[in-house]
Structures are given as structure tokens and as C-alpha cells.
Amino acid sequence: MAFLDALATYLERIGDVVGEVHVRVERIVLEHHRDLAVFGMEPGNVLIADEGNNRLLIVSPRKRILWEYHFHGTKEGGDDAFFTDHGRQIITNLEHAHFVEKIDIAQNKPVWQYGRLGYPGSNGEKLYYPDDAYQMPNGNVLVADLRTAW
């Protein structure tokens with residue numbers, strides 16, 4: 001956690017130079033998703049990016065699947081996933097499909113997407129192996145576009 005605090009401090013400092021950059025790290029977990037619009041916190045729940053099975057899962061400490069999302073239009077799911085919007089949504093990158101998607105947990109559907117699914121590139125709205133997409137508090141999304149940097 002000390003590393004993340006140092007990173008947040010650094011990003012806030014350079015944010016004054018490059019624009020709005022703020023980082024807040026939250027531990028968000030889930031209770032029963034059909035009953036709540038905003039999910040409560042229950043220690044031990046885990047968000048899993050199950051890339052090989054083309055899905056995201058939230059699993060309880062007793063290994064019960066509490067929530068499941070299946071990706072459409074690709075054979076490879078998200079390889080990283082993070083809670084955002086105070087635990088109401090998940091942002092994930094489909095690295096091998098060159099795509100970033102934000103999913104509303106209660107609606108179980110995408111609410112934001114970037115990239116052209118299955119089409120790599122470094123111009124326009126194309127990505128080339130996006131990795132670790134994070135949503136900033138102001139709504140902007142920060143993503144490492146791995147092959148574009150080469």
C-alpha cells in the first residue's frame with residue numbers, strides 16, 4: 001500500500017503540470033448483487049479476470065460466484081479488471097482484442113468502450129495491446145498501450 005500511496009502523491013504532483021490527475025485506491029467488495037444498486041463491502045470477495053473463459057467473476061471467500069459477466073464479440077476476455085465508481089462498475093482491458101471496456105455491475109452490461117474490438121492500431125480510436133486500464137476520479141481513463149510505445 002505504501003507504493004500506491006507514493007504513486008498517488010507523485011501523480012497528484014505532476015497533475016498540476018499535465019492536467020487533472022488524481023489517484024485513490026479503494027478496496028471494494030460485493031454482497032448479493034440482485035438486492036443492491038451500490039454493492040456493500042464484505043471482506044474477502046475477489047474480482048477475477050478469467051481471460052481464458054472469456055468472463056469476469058466476483059467470488060466470495062467460500063468460493064461462491066456472486067456475479068458473472070461474459071464478453072461478446074471476442075474469444076479472449078479481459079486480462080485485468082479493477083473496480084471503479086465506488087464499486088458500482090468494473091473497468092477491464094481486453095489486451096489481445098485491443099479494447100477497453102467499463103461494465104456496470106447492477107446492469108451487467110458495458111457502459112463505456114474504447115478501441116476497435118479485434119483491430120490493433122495506434123491512431124484514431126485504436127489500441128495496440130492495452131494493459132491495466134484505470135479510471136481516474138474525474139472520469140478520464142488511463143491505460144498503458146503496450147505496443148504503441150515501441
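User: Before turning to the sheet, what makes two strands pair?

Analyst: Two strands pair if DSSP finds at least two bridges between them. In this predicted model, four strands form an open sheet in the order β4-β5-β6-β7, with antiparallel pairing.

User: Why is one side of β4 and of β7 left without a neighbour in the sheet?

Analyst: Strands β4 (80-84) and β7 (109-115) stand at the edges and have a single partner strand each, so one side of each lacks a neighbour in the sheet. From one strand to the next, the twist averages 20 degrees.

User: How many bridges join β5 to β6?

Analyst: The count is to be read against the requirement of at least two bridges. Strand β5 (residues 89-94) and strand β6 (residues 99-104) run antiparallel and are joined by six bridges. As an individual case, glutamine 89 has aspartate 104 in β6 as its bridge partner.

User: Which pattern does the chain follow along the sequence?

Analyst: Helices and strands are numbered from the N terminus. Here the chain has one helix and nine strands, and its pattern along the sequence is α-β-β-β-β-β-β-β-β-β.

Conventions:
Residues are numbered from 1 along each chain as its sequence is written. This is a predicted model: local features need pLDDT of at least 70, side-chain atom pairs count only at pLDDT 80 or more; totals for chains, interfaces and linings use all residues. Side-chain values use heavy atoms; hydrogens and water are left out. Helices (H or I, at least four residues) and strands (E, at least two) are DSSP runs, numbered from the N terminus. Axes are lines fitted to C-alpha atoms, for helices over the stretch in contact, and angles run from 0 to 180 degrees between N-to-C directions.
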